[in-house]
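User: I have a structure open and want to go through how its pieces pack. Can you take my questions one at a time?

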Amino acid sequence: MIVILKENTPKEVQEQFIAQLKQYQLEVHRSQGVHTTLLGLVGDTSAVDVSKIESQSFVQEVKRIQEPYKKANRKFHPADTVVEVGEVPIGGDHFQVIAGPCSVETEKQVCQVAEQVKKAGAALLRGGAFKPRTSPYNFQGLGEQGLGFLVQAKKTAGLPIVTELMSEEDLPLFAPVDLIQIGARNMQNFRLLKAVGRQNKPVLLKRGLANTIEEFLMSAEYIMAEGNENVILCERGIRTFETKMRNTLDLAAVSLLKELTHLPVIVDPSHATGLPRLVEPMSLAAIAAGADGLMIEVHNNPEKALCDGPQSLRPEAFAAVMEKIQKTKAFFQTL
């Protein structure tokens with residue numbers, strides 16, 4: 001339920017009213033706009049007397065929300081949310097690129113790539129220390145050692161780091177990590193979602209391989225319901241009948257998500273297509289669709305990469321793509 005207050009409703013009146021609403025055992029989230037104030041009521045609103053609320057002289061309108069996701073809903077929070085990752089803002093007018101290798105292999109490798117992607121314009125460094133793989137016989141990542149290499153790369157290049165958490169048991173190891181990634185396979189691991197929701201570090205949530213947009217937003221809601229509202233959504237392609245690409249990139253979902261939620265939405269064209277030659281056109285298309293950022297895989301020696309080498313860009317190719325990304329961003333800012 002949303003209660004819209006009239007313009008210039010005094011702060012003390014708002015506070016008294018919020019205190020009354022909380023007597024219904026509801027969470028009340030206030031969103032201050034230029035002309036109006038929105039109060040989002042989260043919880044069982046069946047006992048709320050709508051007519052009594054509407055009778056208040058300072059109440060403009062009361063709306064019931066049909067969607068099951070509340071905190072992630074743009075109706076609750078009309079303004080875009082900006083998530084701060086270290087000192088890097090994502091969302092609103094802040095478009096950012098996350099880049100780096102799929103997997104951390106050596107300290108030298110990840111530090112070198114970190115410096116190269118930063119030079120090209122990336123604002124955050126990605127790299128997997130713990131890797132979920134389809135086959136149990138494939139490289140699973142270096143684990144805690146890989147995290148150490150990633151932290152060293154952070155010191156070397158001065159970029160905030162992004163890496164995937166697979167188990168809540170490993171959460172204490174992620175203290176130096178700036179943005180915790182929840183991968184597609186764990187999008188509905190509700191225990192893990194609750195765990196990252198109980199800590200205050202920003203979370204990058206990837207869409208599952210076969211999940212609907214509403215299921216995606218409900219997973220974000222799990223995190224936010226625990227108190228952590230610093231969530232970034234990532235469209236990384238969904239599984240369809242198509243076999244020419246690794247997945248099918250759903251760019252329509254990006255535009256729709258921007259309507260439905262106030263959370264930042266980024267796109268991963270590397271995992272979505274699995275083809276490095278498609279990273280550039282899909283990156284530019286993502287900007288046109290309204291994405292708040294991109295996540296691109298970059299490796300200095302893709303042929304010898306231990307994970308997802310074929311879909312990674314070489315640093316020089318990434319630099320060329322970044323030039324076009326910056327030009328495309330500048331173009332859309334003029335529209």
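This is a predicted model: local features need pLDDT of at least 70, side-chain atom pairs count only at pLDDT 80 or more; totals for chains, interfaces and linings use all residues.

User: How many bridges join β7 to β8, and do the strands run parallel or antiparallel?
Analyst: There are 2 bridges between β7, residues 96-100, and β8, residues 124-126, and the two strands run parallel.

User: What do β7 to β14 form together?
Analyst: A closed barrel of 8 strands, in the order β7-β8-β9-β10-β11-β12-β13-β14, with parallel pairing. On average, neighbouring strands in this sheet are turned by 25° against each other, with direction ignored.

User: Which strands does helix α5 lie across?
Analyst: Helix α5, residues 190-197, lies across β10 (179-182) and β11 (203-206). Its direction is at about 170° to β10.

User: On to helix pairs. How do α7 and α9 sit against each other, roughly parallel or roughly antiparallel?
Analyst: The axes of α7 (residues 251-260) and α9 (residues 276-289) cross at roughly 25° and come within 9 Å. Angles under 35 degrees count as roughly parallel, and α7 and α9 are therefore roughly parallel to each other. The crossing of α7 past α9 is right-handed.

User: Which residues make that contact between α7 and α9?
Analyst: From α7, L251, V254 and S255; from α9, A285, A286 and A289. By class, that contact has 5 nonpolar residues, 1 polar and no charged ones.

User: And α6 against α7, what is the angle there?
Analyst: About 50°, with the axes of α6 (residues 213-225) and α7 lying 11 Å apart. That makes α6 oblique to α7. The crossing of α6 and α7 is right-handed.

User: Which residues of α6 and α7 meet?
Analyst: I213, F216 and L217 in α6 meet A253, L256, L257 and L260 in α7. The residues of this contact divide into 7 nonpolar, no polar and no charged.

User: Change of topic. How many aromatic pairs does the structure hold?
Analyst: It holds 4 aromatic pairs. One of the pairs is F17 with F58, whose ring centres are 5.1 Å apart.

User: Why is the pair of F17 and F58 called edge-to-face?
Analyst: The planes of the two rings are at 75°, and planes over 60 degrees apart count as edge-to-face, so the pair of F17 and F58 is edge-to-face.

User: Where in the chain are F17 and F58?
Analyst: F17 is in helix α1, residues 11-22, and F58 is in the loop between α2 (50-54) and β4 (59-63). The two are 41 residues apart, and the pair links distant parts of the chain.

Terms used
Residues are numbered from 1 along each chain as its sequence is written. Side-chain values use heavy atoms; hydrogens and water are left out. Two strands pair if DSSP finds at least two bridges between them. Helices (H or I, at least four residues) and strands (E, at least two) are DSSP runs, numbered from the N terminus. Axes are lines fitted to C-alpha atoms, for helices over the stretch in contact, and angles run from 0 to 180 degrees between N-to-C directions. Contact means heavy atoms within 4.5 Å. Angles under 35 degrees count as roughly parallel, over 145 as roughly antiparallel, 65 to 115 as roughly perpendicular and the rest as oblique. A crossing is left-handed if the near helix is turned anticlockwise from the far one by less than a right angle, and right-handed if clockwise. Ala, Val, Leu, Ile, Met, Phe, Trp, Tyr, Cys and Pro count as nonpolar, Asp, Glu, Lys and Arg as charged, and the others, Gly among them, as polar. Rings of Phe, Tyr and Trp (its six-membered ring) pair if their centres lie within 6.5 Å; planes under 30 degrees apart count as stacked, over 60 as edge-to-face and the rest as tilted.
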